[in-house]
Amino acid sequence: MAGLQGFLSRLGLGADSGPSSTTTSPKSAGQGEGNSWGDGNIKPTGKSSSEDEGNSPNSRGSSPHLGEQRLGKITSSEGGGGAPSANAPRSAQSSNTARVPGRAMPGRLMKASRTRPPPTDGGSGSNTAAKSGPKEGNGVSNLQSSSASSSGGVELNNGSQADAPSSALSPPPSSSPSSSPLPPPSSASSPKSSGSSFPPKPSSPSASPVTNPASEKFSKLLSTTSTISLPSLRSLSWSGVPNSHRGEVWRILLGYSPANRGRRDAVLDRKRGEYWKSIEQVGLSPVPSSGESGSPETLPATLTKSETRLLRQILVDLPRTSPTVPLYQSPEIQTMLKRILYLWAVRNPGASYVQGINDLATPFVWVFLEEYMHGKLKDNESISSLDVSSCVPPPVLSIIESDTYWCLTSLLSTIQDHYTPNQPGLQRQVHTLGSVVKRTDARLHTHLQDLGVEYIQFAFKWCNCLLVREFQPRTVARLWDTYLSEEGGFSNFHVYACAALLTRFSAELRAKVDFGDLFTTLQQGLPTEEWSDDDVSMLCSQAFVLKSLFEGSEKHLE
Amino acid sequence: MAAKEGKDYDMHIKLLMLGDTGVGKTCLLLRYAYDSFSPTFITTIGIDFKIKHVELDGLHVKLQIWDTAGQERFRTITVSYFKGAHGVALVYDVTDRDTFEAIRHWVKQIQEHAESNVSIVLIGNKCDKEQLRMVSRAEGEELAREINAPFFETSAKTNINVEDAFNKMAVMTKNSMMLQESTSRPSDGSLMVDDPNVRLTGSGKGGCC
């Protein structure tokens, strides 16, 4: 905790600022992001799931600044059948309030000084969450044997569910499985027949030969209730999600996979089917790793001039996407990214494709591959250099691709104005970052100014790529665990994470006395290659303290 | 020549790399600054820069070369760097006609946002890919004449003309700056000053391909 103490003292907060009794997981309040589908495929229909309802009031109660105007709740059809559980909000609220005293007073210095950031030993912050879990009114009964999410999306039910949303772009549900435009190889059965089960069933405690307390907590939470408590899940995930559960947790936290397990298969099947239909609608080949090269003559002839220009831009960028990670250089992954990025751009003409969005897709590919490969990798193997063509069957790839698309869509819907003309959201974040650092690390702020380094010069990239380029992929995944668990994780919390990152390297940066050295250090990357999950946890804790200090207190930042 | 006042250079020149995305601005810069090349260097987001120290006519010159993101959406941030630039390397890709067509647009941007006396060098990159060429050398030369800029066809990959192009830009910029300095401070007139109009007629000595 030395780093944290030092950090707190830099903030002018005494060493007594964190009585151990307040060690809490920083619950995350009504997470609005992820629930608004920005691409027009799914329209928010207003009513939120019970979890969100249960969560938001709490967040408001504890922090009037949080969560009031969050866009797009999970649609009632998507959100996990919360309608009948009218009691859920109350229980969620009470349990939530009980375990998050620290979040009650963001913006107030004195009180915030008592806010203890979440524990950094991944998973240990979940004890309270685990206790609170059973308080949820619904789904206490053990549904461990449920097959929710297992092999979802492979056996296509194809959109005939009663919960079909108002989908303007969704083709009529008449398409039968046999006529499904799912990629040919996925032929509806391959994963099972090939012995693949993906996504995997929610892990039961016995699934892992090695007992991992954090993993067990997730297994328990994800498998013991019919409707997963999102507040509990966020609370647990805030401190990090085990690789084995990350894919499933991210899908849920992003509002893509319903919290209600009974609905999950149907929803995921439908969404995956929709993705592939959309791919055909926009004129791309759905064949996995169809090797369309960058040369114009191989582009689909049906595209308009502007569409061709868009696709060519994406094709130019694919080889330049995380070029140091072999995984992303494989034709399978590049073809996947091409379709995902193109479809998103076409569906979101206000932003279209902006460089850096390609970076944002990579963590999802990574996490879903890691989910599939869990337990299959040998000691000397890593996702980074995974031979996709031999290790991952096409049907699994097709699921990973559609899931990546929907999760990326969900993420981007929370930061759309990062990528619209003039990038106002991004400019705002950079500005806020400067204000926060000025207040919290004046020496560094002055040093940057003295040497003529502007925040926009380095933080533009940090905000455009959400720190994907500043960390190793595994570290990004850990960081995003917290982002996904936080209120406004990408749109807001991220700024404080950037500020904490600068503060973390304050001494090193202040030791640079030349503009070139300082700029290069910031631009080429801070020394985070060796960062462990604990380092990220510490960073997030510091970011949480900063956010608590300044959130909603704009005057402090002026 | 001894450096002035504890600095390790006699002259500090700011150069700017401009051109559409994917034409090879970053690769050219890496080749020039570090003599290295990677076919898949990560896309530039926002702005980056490299330092290169060179000797020009006996002067130790520190080149601060700003690399910009080429995508239109980033123009808000990149355009703010036009102002302080002394010289601009305007780059297109000889295998991509669109990037060549965009040069006129870039020139307009420079006229609009940069200093009026900024030196420009036109660079047609990737000239090693002769079989994919979409823009002829003659077209490049013609455009260079039109915009009064020296012209080079380069290959960052095979290291053709890269040094020449940057050095030309550096020399032009240096001379232009010294001319300004000498006119404002006549006592410094002993320094050699080339006719700045050299940039209006030069079309690059080293051709390739």
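A residue is taken as buried when its relative accessible area is under 20%, as exposed over 50%, and as partly exposed in between (1.4 Å probe, protein chains only). In this predicted model, local features need pLDDT of at least 70 and side-chain atom pairs count only at pLDDT 80 or more, whereas totals for chains, interfaces and linings use all residues. Residues are numbered from 1 along each chain as its sequence is written, chains are lettered from A in the order in which they are written, and side-chain values use heavy atoms, with hydrogens and water left out.

In chain B, strand β5 (residues 119-125) is largely enclosed by the rest of the structure, because seven of its seven residues are buried; strands here are DSSP runs (E, at least two residues) and helices are runs of H or I (at least four), numbered from the N terminus. B:Ser119, B:Val121, B:Ile123 and B:Asn125 point one way from β5(B), while B:Ile120, B:Leu122 and B:Gly124 point the other way. Pairing requires at least two DSSP bridges between two strands: β5(B) runs parallel to β4(B) (residues 87-93), to which seven bridges join it, and it pairs with β6(B) (residues 151-153) in the parallel sense over three bridges.

Between the chains, 37 residues of chain A are in contact (heavy atoms within 4.5 Å) with 24 residues of chain B. The rule for a salt bridge, a side-chain nitrogen of Lys or Arg within 4 Å of a carboxyl oxygen of Asp or Glu, finds one across this interface; A:Arg312 forms a salt bridge with B:Asp96, with the closest N and O atoms 3.5 Å apart.
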